[in-house]
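Please walk me through this structure at the level of individual side chains. I would like to follow the aromatic contacts, the salt bridges, the strands and the surface in turn.

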Amino acid sequence: MSQRTYNKMWADAHLELSRLLTEELPAEPLHPEKDRVVFFQRVAMFYVRYIQIFRQLETVYDLLVHPQKRRVIRAILDGVIGRLLELKNEMVEKEFSEYHYMDDVLHDLKLRPADLEIPIPCYFVTECSRELKERKTMLTEILKLVQVSERPQPPLLKKMSPEVAIKIIQVAERARQGRLRAKLNEESRNMNRMYRTKEPEPADIELAALCIQKVWRGHVERKKTKIARDEEMIFLGMAMDPRHQVPCPAEIKAQANESCTRIKQQEHEEDFQKSILAVRKQLRDVESHDMSEKMKDQIREWFIECRDATGSFPDYPNDEDGGSALIFAEKNPQQLMEEIAEKEKEDSNNRPKVKEEKREKGKKEKGKAEEEEEAGLKMLPSAFLSDLEVENKTFVDFWQTRDECTNFNQRHEVELIKEDKRKVMEAELRVQVDEQMRQELAEWKLAVDKDKGGKTKANAKKKKGSKSGKRKKKEKDLTADRTLESLCQELVELGLLKKANNVHLQDYLGDFSYLGTTLRQYDIEPMPSLSDVRQVISLYAILPLGSQVVHEKAPLIKAILLTGPTGVGKKMLVHAICHETGATLFDLSPLNTAGKYPGKNGLAMMLHIVFKVARLLQPSVILIEDAEKMFYKKVPKEEKELDPKRLKKDLPKFLKMIKGEDRVLIVGTTRDPHSSDIKSLCKMYSKIILIPRPDYGSRYILWKQLIKKHSGEVTKSLDLSSLAKISDGYTPGHMVQVIQSVVTKRRILQQANKPLTAAEFVAPLAKIDPVFQEEEEALKNWYAKTPLGKKRIKAATGREEEDEAPVKGKDKKKKGKK
C-alpha cells in the first residue's frame with residue numbers, strides 16, 4: 001500500500017478514537033449503573049473498539065515512513081495500549097474472572113473472532129535491535145567460555161555379568177548369520193529366474209498387452225475422476241485452489257514493497273537525526289543569545305511591574321516551582337505574588353496538621369467511595385485518557401489539515417524540528433538566566449534597601465527538600481565493584497541466566513471460544529480456550545513489558561502464576577514472552593537454585609545479583625518452575641535435602657521493591673498447586689491464570705498445524721475430525737510426542753505413495769495417559785479457593801452482602817464479651 005493509504009488509515013483511527021473519547025469523557029458525568037451485566041457490556045464494547053484502533057495504528061506505525069508522524073503515532077499507541085489494560089482490569093474487577101467471552105459483542109459490531117486478536121507491536125523488538133544484539137552476543141560469548149571451561153565427563157562404565165555379555169554376543173552373531181542367509185537366498189532366487197526364462201508365445205504376448213492396457217486405462221480414468229472431483233469441490237467452495245496455496249506474484253511484490261518501506265524508514269530516521277543535530281547547532285549559534293537577552297528583558301520588566309504594583313521587589317520563584325516559567329504565564333504580577341506567598345505559607349505550616357488533614361480527607365474520600373459503590377458501578381479513573389485527548393487534539397489541529405502535496409517522499413520537516421528544539425533550548429537557557437537574574441535581583445534589592453538599612457532575604461539559598469517527606473533507605477549495592485559482564489558470567493555458569501527459545505506467541509495455537517456467552521446465560525461457567533490464554537498473556541505480560549510508558553502508568557502486575565496440567569504449554573508461554581519483548585530470562589526455580597549460594601548471606605547475594613542484572617538488562621522475566629514447591633504445606637522426604645522453601649521469605653521482599661520503572665516480571669508455573677499453601681501462593685502472585693486442556697476446535701487446529709510443522713502432509717485420507725474427537729483430554733505436549741513418533745524421516749519419504757491416516761496416530765496416543773476429568777475438576781476447585789475465584793462464586797450466588805453482615809455481628813459480640 002502507498003503512504004497515502006496509511007495516512008488515511010491513521011485519520012480513520014483518529015476519527016474512531018475521537019468518538020470513543022466523547023463517549024468516555026462526556027460533558028456531564030454518567031450516572032452509576034446498577035445492573036452489572038449492562039455495565040460489563042458497555043466496558044466490553046469499549047474494549048473491542050480500542051482493539052480495532054490498536055490494530056490500525058500498529059499497522060500504520062509499522063509501515064509509515066515519515067519520522068515525525070511515527071513519533072506522534074507512537075505516543076497515541078502507548079495511550080491506546082494503556083487504556084486497553086485499564087479496561088481489562090475494569091472487566092476483571094467487575095466480572096471477577098480473568099477470561100471474558102465477547103462473541104455477542106463481535107456479532108453486534110459485525111467483526112470476526114480474528115479481529116479480537118491482540119497484535120504484538122513489531123517496535124518492541126525492532127527499536128531495541130542494537131541493545132538486543134549486544135545482549136545476545138554477550139550471552140553467546142559467555143556460553144562459549146562456559147562450554148570450553150567445562151571438561152567433558154568420562155562415559156560411565158556399567159558393570160556387566162558374563163551371562164549378559166554372552167547373550168549380547170549371541171544376538172549379534174545370530175543377526176550376522178541371518179543377514180548372510182538372506183543374501184544367499186536372494187542370489188539363489190535370481191539364478192532360478194534366469195534358468196526359468198523362456199521365449200514368450202504369441203498368446204502370452206496378447207495377454208500381457210491386455211493386462212497393461214487394463215492397468216493403464218484404469219489409472220487414466222481414476223486420474224480424470226480425481227481431477228473432476230477436485231474441480232467440483234473448488235467450484236462449490238469446499239476446497240482451496242492449489243494456485244492460491246502458493247504465494248501469488250501480487251503477494252510477493254507486496255512483501256518486497258514492505259521490505260523497501262522498512263529500508264526507507266531507516267534512511268529517513270538517519271536523515272532526521274542528522275537534521276536534529278544540525279538544527280540544534282544552528283539555533284545555538286544564531287538564536288541563543290537573542291533568546292536569553294529577550295528572557296532577561298521580560299524578567300526585568302516583571303521586576304519593575306511588581307515594584308510599581310506592590311511597592312517592593314518580588315521574591316524570585318524557586319526552580320522546583322518552575323523558576324522564571326511562572327513569570328511568562330498569563331497572570332498579573334499581583335496574582336503571581338499572591339501565589340508565591342501562599343506557597344510559602346503552606347511550606348511553613350506544621351506537617352502533623354497536614355497529615356491530620358490528609359487522614360480526614362482520606363476518610364471522607366473512603367466514605368464517598370462507599371456511597372458511590374452502593375449507588376452503582378462507575379468506571380475507575382484513567383491515567384491515559386487525558387494523554388489520548390491531548391494527542392488526538394494535536395492530530396486534529398495540526399496533522400489532519402496539513403497540506404503535504406510537496407512532501408511526496410514523506411521526509412521530515414525542518415520547521416517542526418526548529419519549533420521543538422526552540423522549546424528545549426529555552427528550557428536549558430532558562431536555568432542559566434534564572435541564576436543570573438537572581439543575582440541581579442539581589443543587587444537591585446541591596447541598592448534600593450541601603451537607605452532603609454534592611455536586610456535582604458537570601459532567596460537564592462532556600463532550603464531544598466522542604467516538601468520532601470521521609471527519606472527512603474536505599475538498597476545496599478553488594479556488588480558495586482563488579483561489572484555487568486562479570487555478574488552475567490557468574491549467573492550463566494550457575495545456570496540462573498538462560499537463553500530464551502525463539503518462540504512466537506502465535507505458535508501457541510488455539511481456537512476461539514464461540515459459546516462462552518451462551519453458556520454463561522444458562523449459568524454454566526465455560527472453560528477458557530487456548531485463544532483466551534494467548535490473549536491474557538499478551539495483555540498481562542507482553543504489552544506492559546514492551547513499552548516503558550505503559551508499564552509505568554498501567555495497573556502494575558509484578559508476578560503471574562500459570563497453572564495447568566502437564567503439556568499445556570506453560571514453559572512455551574514464558575519463552576514466547578521473552579522472545580516477543582526481547583526480555584532476558586532468569587531461572588529461580590527451586591530445583592535450579594538447590595545447592596547454589598548456600599547460607600543466608602549466599603541467598604541474599606543471589607537474589608541481589610539476579611534483580612540487579614534484571615534491572616540493568618530490562619525487560620526481564622524471572623521464571624519459577626514448579627512454584628508450588630516454594631510454598632509446600634509439607635516438604636516430601638526425597639526433597640528435604642534440596643530445601644525448596646529457601647526463597648519463601650526473601651523473594652516476596654524483593655518483589656515489593658519492583659516499581660513501575662522496573663520492567664521485571666516474575667512468572668511461576670505449577671501443575672500441582674494443591675500441595676502448596678494457597679494463602680502465601682496468592683500473596684506472591686497477583687494474577688493466577690488457569691490453562692485448561694484444549695477443546696475440540698483447538699485440538700483440530702493443533703493436529704493440522706503440528707503435523708505440517710513436522711513435514712507431514714495433510715490429505716483427504718487423514719481424518720482430522722476423528723483424530724480431534726478421540727484425542728479429548730490430551731494436551732498439546734502429548735500431541736507433539738505422538739506426531740514425533742509417527743512422522744519419522746522414513747515415513748515422510750513414504751507419503752507420496754502411502755499418505756498419512758488417522759489410524760497411525762491412535763496406537764501411540766493410547767499408550768499415553770490423558771488428563772482425566774477428575775484432574776481438571778480438582779484444578780477448577782482449587783482455583784475457586786483463590787481470591788478471584790471466591791469473588792466469582794459470591795457474585796454468582798448473590799451472597800456478597802449476606803456474608804458481610806454475620807461477620808460484623810460476630811465482631812461486635814466478641815468485643816462485648818471482652
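**A walk through the predicted model**

Ring pairs link Trp10, Phe395, Phe398 and Trp399 into a cluster, where rings of Phe, Tyr and Trp (its six-membered ring) are taken to pair if their centres lie within 6.5 Å, with planes under 30 degrees apart counted as stacked, over 60 as edge-to-face and the rest as tilted. This is a predicted model, in which local features need pLDDT of at least 70 and side-chain atom pairs count only at pLDDT 80 or more, while totals for chains, interfaces and linings use all residues. Residues are numbered from 1 along each chain as its sequence is written, and side-chain values use heavy atoms, with hydrogens and water left out.

A pair of aromatic rings is described by the distance of the centres and the angle of the planes. By the pairing rule, the count comes to 8 aromatic pairs. One of them joins Tyr61 and Tyr123 in an edge-to-face arrangement, 5.0 Å centre to centre and with 75 degrees between the planes. Because Tyr61 lies in helix H2 (residues 36-63) and Tyr123 in helix H5 (residues 123-126), this pair ties together parts that are 62 residues apart in sequence; helices here are DSSP runs of H or I with at least four residues, strands are runs of E with at least two, and both are numbered from the N terminus. Both Tyr61 and Tyr123 are buried, a word that stands for under 20% relative accessible area, whereas exposed stands for over 50% and partly exposed for values in between (1.4 Å probe, protein chains only).

Phe398 counts as partly exposed because its relative accessible area is 28%, while Trp399 counts as buried because its relative accessible area is 11%. Tyr61 has a further contact, since the charged end of Arg70 sits over its ring, 4.3 Å from the centre; a charge is said to sit over a ring if NZ of Lys or CZ of Arg is within 6 Å of the ring centre and within 35 degrees of the ring normal.

Turning to the charged side chains, the structure holds 37 salt bridges, each being a side-chain nitrogen of Lys or Arg within 4 Å of a carboxyl oxygen of Asp or Glu. In one of them the side chains of Glu95 and Arg520 meet at 2.6 Å, N to O, and this pair links distant parts of the chain, with Glu95 in helix H3 (residues 67-95) and Arg520 in helix H17, 425 residues apart. Both Glu95 and Arg520 are buried.

An α-helix has 3.6 residues a turn, so residues three or four places apart point the same way. Glu258, at 36% relative accessibility, counts as partly exposed, and so does Arg262, at 31%.

Arg747 forms a salt bridge with Glu760, and the closest N and O atoms are 2.8 Å apart. Since Arg747 lies in helix H28 (residues 745-749) and Glu760 in helix H29 (residues 759-766), the pair ties together parts that are 13 residues apart in sequence. Arg747 is buried, with a relative accessible area of 7%, whereas Glu760 is partly exposed, with 24%.

Strand E2 (residues 559-563) is mostly covered, with 5 of its 5 residues buried. In a regular strand the side chains alternate between the two faces of the sheet. Both faces of E2 are covered, by the buried state of Ala559, Leu561 and Thr563 on one side and of Ile560 and Leu562 on the other. E2 pairs in the parallel sense with strand E5 (residues 664-670) over 5 bridges and with strand E6 (residues 687-690) over 4 bridges, two strands being paired if DSSP finds at least two bridges between them. Thr563 stands opposite Thr670 in E5, and its bridge partner in E6 is Leu690.

At the surface, what is the relative accessible area of Tyr522? Tyr522 is exposed, with a value of 62%, and lies in the loop between helix H17 (516-521) and helix H18 (530-546).
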